[in-house]
Amino acid sequence: MAVLQMQKISIYALKKDRKAILEYLQRRGVVEITDPETESGVFAQADTQQQRSLLEKNITAAGQAMEVLSGYAKGKKGLLSSFEGRRELTADQYEAAAARIPETRETAERILSLSREIAEGRAEIQRLQTQIDALSPWLSLDIPMQLKGTKRTRVFVGTLPEERTLEQVLTGLAEEAPKVSGIHAEILSTSADQTCLFVICGRKDAFAMEAALRGIGFSYPASPSDKPPKEQCEGLRARIAQAQDRIRRAEEEIRSFADKREDLEFLSDYESMRLEKYQVLGRLRQSRHTFIVEGYVPQREAAALERQLSDRYDAAVEIEPLSDQDDPPVLLENNAFAAPVEPVLESYSMPARGEVDPCTVMAVFYYVLFGLMLSDAAYGLIMVVGCGALLAKFRNMESGMKKTLQMFLYCGISTMFWGVMFGSYFGDVVDVVASTFFGKDVTIPPVWFIPVDEPMRLLVFSFLLGIIHLFAGLAMKLYQLCKAKQYKDALYDVIFWYLLVGGGIIYLLTMDMVVNMLGLGFQLPAAVGNVAAVFAAIGAVGIVFTAGRESRSPFKRLLKGLYGLYNISGYLSDILSYSRLLALGLATGVIASVFNQMGSMAGGGVAGAIVFILVFLIGHTLNIGINVLGAYVHTNRLQYVEFFGKFFEGGGRKFNPFSAKTKYYKIREEN
């Protein structure tokens with residue numbers, strides 16, 4: 001377990017090398033760049049807002065272009081593509097792809113332009129179709145709707161509200177204009193909302209007829225055309241066909257860019273890297289001819305980085321040890337066994353400055369506790385095979401995903417171990433299958449015991465494991481205090497608690513009531529209990545007189561000491577929390593057995609076998625899913641609350657280097 005030592009780094013270089021140095025640092029990804037600590041009249045910070053806005057626009061355009069392209073030409077991605085990780089590029093491959101960036105930008109813009117053209121075409125089709133729908137009631141009219149008549153006649157084309165019959169129309173007109181004669185009217189179409197009407201009369205009666213029509217609710221069309229409705233509809237349909245043809249050509253052109261998907265992905269990453277670079281550029285101190293980069297670098301990388309910057313770019317590099325005022329980031333380094341639990345630690349908090357990395361100790365308990373909660377050998381084997389196959393197949397997967405799969409791989413091994421110890425293989429599936437389909441009593445005996453038959457034994461073991469876990473947490477605190485040479489605090493805050501809690505537990509094991517209640521097969525001698533009671537008393541007195549040592553008032557010190565002693569109830573609560581090991585361990589086996597019994601209810605034979613297989617697959621899939629999730633959540637809880645609560649404060653800041661934070665590609669810096 002290790003928190004890598006950090007050092008401060010300052011890079012002084014000529015401005016002409018700024019681009020090359022920043023790109024090199026970005027590819028290396030080992031320097032976290034910080035803001036300048038002091039202001040200087042000689043050095044100033046550049047305003048990069050305009051460049052950043054342009055790059056953000058380009059990133060958005062690339063993303064939208066890929067989204068449009070995916071709608072017309074699906075990428076070849078499998079069900080497990082999320083495990084593949086980013087594709088790797090060498091520096092030469094990166095430069096070759098970067099040379100195509102102008103062309104790729106044009107491709108992205110063209111795809112977006114075609115997408116807009118398609119959207120506009122579809123909107124136009126919708127608008128034209130609306131016009132056709134509006135003309136459909138007038139299709140029987142063979143003259144233009146805006147025709148007003150001839151030299152001797154007057155024509156009226158319009159609508160009446162609601163549905164009317166020709167008789168109702170003529171009656172209404174006769175009532176409104178009784179002196180007008182020679183009227184010809186036709187109903188072109190009717191609906192519940194309106195009646196389309198054609199009326200013709202002599203020009204001398206035009207004024208009176210128009211008044212009569214308005215009297216019965218007549219209104220002219222909103223935008224009459226100089227063409228007959230049928231001819232107008234044919235023109236609109238021709239325009240729709242033209243729009244559909246434009247859309248089809250645009251879609252075909254978009255599909256022709258299917259082979260440009262990787263270039264678009266590179267464009268997105270390239271512009272993202274440039275955006276990150278300009279964000280850093282705006283934070284640097286710069287003069288007319290020089291610039292300064294300040295930040296943190298892992299100590300193991302410092303010498304090589306200094307040498308490479310000096311040799312390549314003739315830059316001056318200054319490496320300094322950390323001071324008490326510095327707030328360095330935290331970078332963890334662990335072996336293959338402990339590194340998988342780093343994401344679990346990071347989700348809680350990174351170690352504060354001076355704290356140790358708890359991952360190695362945490363990993364041991366994490367795997368053991370997880371396996372004990374799931375405790376089925378078959379479930380563990382499924383986890384091991386599944387995670388192992390993914391790790392073997394996708395060797396280029398991202399670090400976070402890889403650590404998670406490795407963690408569940410180790411948890412699966414632990415689950416197999418406890419499953420063998422407790423004789424659980426898909427619950428009691430061997431017993432059920434043997435008795436149901438073969439009429440025989442076959443079972444795989446446990447190496448240790450069956451928890452369902454002896455739950456108290458598992459409960460006692462859970463408490464024992466919990467005590468060891470808590471004492472390991474105290475041991476971590478003892479190590480931290482001794483490392484910081486705070487030996488008195490180590491005595492007051494750790495040793496006294498070891499004496500009190502450990503002595504109290506040993507004393508309880510000498511009592512008949514406790515031994516009988518727990519079903520233990522042994523009882524410690526009374527003499528051992530007396531010695532343990534003395535140690536517990538020493539611990540209690542020590543806690544009372546030292547827990548409030550920061551107070552000057554003797555009275556306050558005593559009160560705080562008594563309150564500190566009351567924390568013994570917290571230890572009791574913590575130990576009882578480990579009963580969840582019993583609860584989840586039993587739940588896995590009992591639920592598995594219930595599904596096995598449900599599957600066997602149809603009896604033997606072919607039909608019974610089919611029912612059993614269906615129930616087995618569905619039931620055990622649900623059981624492993626639910627209980628893996630439960631074991632994960634409760635294992636984290638035991639780490640975060642019980643274990644970390646004894647020594648770990650956290651609050652550290654994760655190392656965030658200036659690097660190529662890309663989505664599709666990663667660049668390998670060649671030595």
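## Helices, cavities and contacts in a predicted model

Residues 491-510 are 90% helix and 0% strand, and their end C-alpha atoms lie 27 Å apart; helices (H or I, at least four residues) and strands (E, at least two) are DSSP runs numbered from the N terminus. This is a predicted model, in which local features need pLDDT of at least 70 and side-chain atom pairs count only at pLDDT 80 or more, while totals for chains, interfaces and linings use all residues. Residues are numbered from 1 along each chain as its sequence is written, and side-chain values use heavy atoms, with hydrogens and water left out.

The span 491-510 is among those that an unreviewed UniProt entry annotates as "transmembrane region", and residues 522-547 form another; such annotations may be inferred rather than shown by experiment. Over residues 522-547 the chain is 81% helix and 0% strand, with 36 Å between the end C-alpha atoms.

The structure holds 3 cavities of 30 Å³ or more. A cavity here is a set of points on a 1 Å grid over the protein atoms alone where a 1.4 Å probe fits but cannot get out, and its lining residues have an atom within 4 Å of a point. Each volume is the space filled by probe spheres set on the points. In the table, Ala, Val, Leu, Ile, Met, Phe, Trp, Tyr, Cys and Pro count as nonpolar, Asp, Glu, Lys and Arg as charged, and the others as polar.

| Cavity | Volume | Lining by class |
|---|---|---|
| Largest cavity | About 50 Å³ | 3 nonpolar, 1 polar and 3 charged residues |
| Second largest cavity | About 40 Å³ | no nonpolar, 2 polar and 4 charged residues |

Glu23, Gln26, Tyr94, Tyr270, Met273, Arg274 and Lys277 line the largest cavity, and the elements giving two or more residues to this lining are helix H1 (18-28) and helix H8 (261-281). The largest share, 4 residues, comes from H8. Around the second largest cavity stand Arg100, Glu103, Thr104, Thr107, Lys260 and Asp263, with the largest share, 3 residues, supplied by helix H4 (residues 101-135).

There are 33 salt bridges in the structure, each defined as a side-chain nitrogen of Lys or Arg within 4 Å of a carboxyl oxygen of Asp or Glu. One of them joins Arg283 to Asp35 at 2.7 Å, N to O. This pair links distant parts of the chain, 248 residues apart, with Arg283 in the loop between H8 and strand S7 (285-286) and Asp35 in the loop between strand S2 (32-33) and helix H2 (49-72).

Key:
On a 1 Å grid over the protein atoms alone, a cavity is a set of points where a 1.4 Å probe fits but cannot get out, and a pocket is an open set with protein on both sides within 12 Å along at least five of seven lines; lining residues have an atom within 4 Å of a point.
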